[in-house]
Amino acid sequence: MIKIKSAFAVTAAAAMLAVGGLTAASAPAEAASGGRVCLFLDKEGAKFAGRTYGHVAWAIRDPKNTNHWIWGATENAEGDSTTLPGKDNGSWIQGGTWSEMRGETKSKKRTVELARYDAYRCINTAGGDLKAAQRTFNNMQKNGYQILHNNCLTKAIAIFRKYSPALSSSHLPDGDSTPPRNYFKTTLDNARGWEKARTY
C-alpha cells in the first residue's frame with residue numbers, strides 16, 4: 001500500500017508539471033535540460049529625461065538540442081522615447097551555444113556578456129517552440145518602439161509566451177508601463193517559478 005501511494009504521488013507530481021508546462025528549477029542555465037528562458041538585465045540601460053529604466057535581453061533554449069540557444073534584444077536604434085513602426089528599432093537576434101551567448105567563446109556573434117549585463121534569471125519549461133518565437137521576433141522587428149508600452153521588455157515577454165504558452169501571467173506577468181529594472185527584480189520576485197537572479 002505504501003508503494004502504491006508513493007508511486008501515485010510521483011505520478012501526480014509529474015502530471016502537474018506536464019499540465020502546467022513548467023518544470024522545477026534546476027542548477028546553472030547551461031546545464032539544465034528541456035525548454036528554458038532567461039532574462040538578462042542591464043540596470044543602467046535606457047536613460048530618458050534623467051531617469052534610468054533599465055534594459056533587458058532575452059534567451060531561449062532549443063528543447064531538442066540543449067546546447068543551442070537563440071538570444072537577442074531591442075536596443076532602440078533611434079535613441080528616442082518613440083520609434084515609429086517600419087523604422088529600425090534596434091532589434092537583433094543570434095543563435096549558438098551558451099558560451100557563445102555569454103561571450104566566453106571567441107565569435108563574431110552579438111552577445112549578452114557580463115561587461116554589459118549585470119545579472120540574469122531563468123525559468124524552465126516542459127518544452128518550447130523556437131520557430132514560433134522567431135516568427136514573433138520577426139513581426140516585432142519593424143513594429144516600432146515606445147519607452148513604456150513597446151520596448152525591450154514587452155518584446156521579450158511576447159517572445160517568451162510564443163515559445164512556451166505555459167508562461168501565463170502567473171509565471172510571466174505583463175510588463176506594460178513597468179521599467180525593465182523593476183520588472184526584473186520586483187515583478188519576477190513575485191512571479192511563480194523564476195530562479196533567483198545571478199551574476200555570471
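The following legends describe close-up views of a predicted model. Local features require pLDDT of at least 70 and side-chain atom pairs count only at pLDDT 80 or more, while totals for chains, interfaces and linings use all residues. Residues are numbered from 1 along each chain as its sequence is written, and side-chain values use heavy atoms, with hydrogens and water left out.

**View 1. Overall order of the elements in the protein chain.** The protein chain holds five helices and nine strands; helices (H or I, at least four residues) and strands (E, at least two) are DSSP runs, numbered from the N terminus. Starting at the N terminus, the order of elements is α-β-β-β-β-β-β-β-α-β-α-β-α-α. Of the 200 residues, 43% count as buried; buried means under 20% relative accessible area, exposed over 50%, and partly exposed in between (1.4 Å probe, protein chains only).

**View 2. Strand β4 and its pairing strands.** Strand β4 spans residues 55–61, and seven of its seven residues are buried. H55, A57, A59 and R61 point one way from the strand, whereas V56, W58 and I60 point the other way. Two strands pair if DSSP finds at least two bridges between them. Strand β1 (residues 35–42) pairs with β4 in the antiparallel sense over six bridges, and I60 is the bridge partner of V37. Strand β5 (residues 69–74) also pairs with β4 in the antiparallel sense, over five bridges; here W69 is the bridge partner of R61.

**View 3. The salt bridge between R116 and E75.** A salt bridge is a side-chain nitrogen of Lys or Arg within 4 Å of a carboxyl oxygen of Asp or Glu, and by this rule the count comes to eight salt bridges. In the bridge between R116 and E75, the closest N and O atoms are 3.0 Å apart. This pair links distant parts of the chain, 41 residues apart: R116 lies in the loop between α2 (98–101) and β8 (119–125), and E75 in the loop between β5 and β6 (82–83). R116 is partly exposed at 31% relative accessible area, and E75 is partly exposed at 23%.

**View 4. The salt bridge between R161 and D174.** The closest N and O atoms of R161 and D174 are 2.9 Å apart. R161 lies in helix α4 and D174 in the loop between α4 and α5 (180–190), so the pair ties together parts 13 residues apart in sequence. R161 is partly exposed at 27% relative accessibility, whereas D174 is exposed at 54%.

**View 5. The salt bridge between K185 and D189 in helix α5.** The closest N and O atoms of K185 and D189 are 3.0 Å apart. Both residues lie in helix α5, four residues apart, about one turn of the helix.
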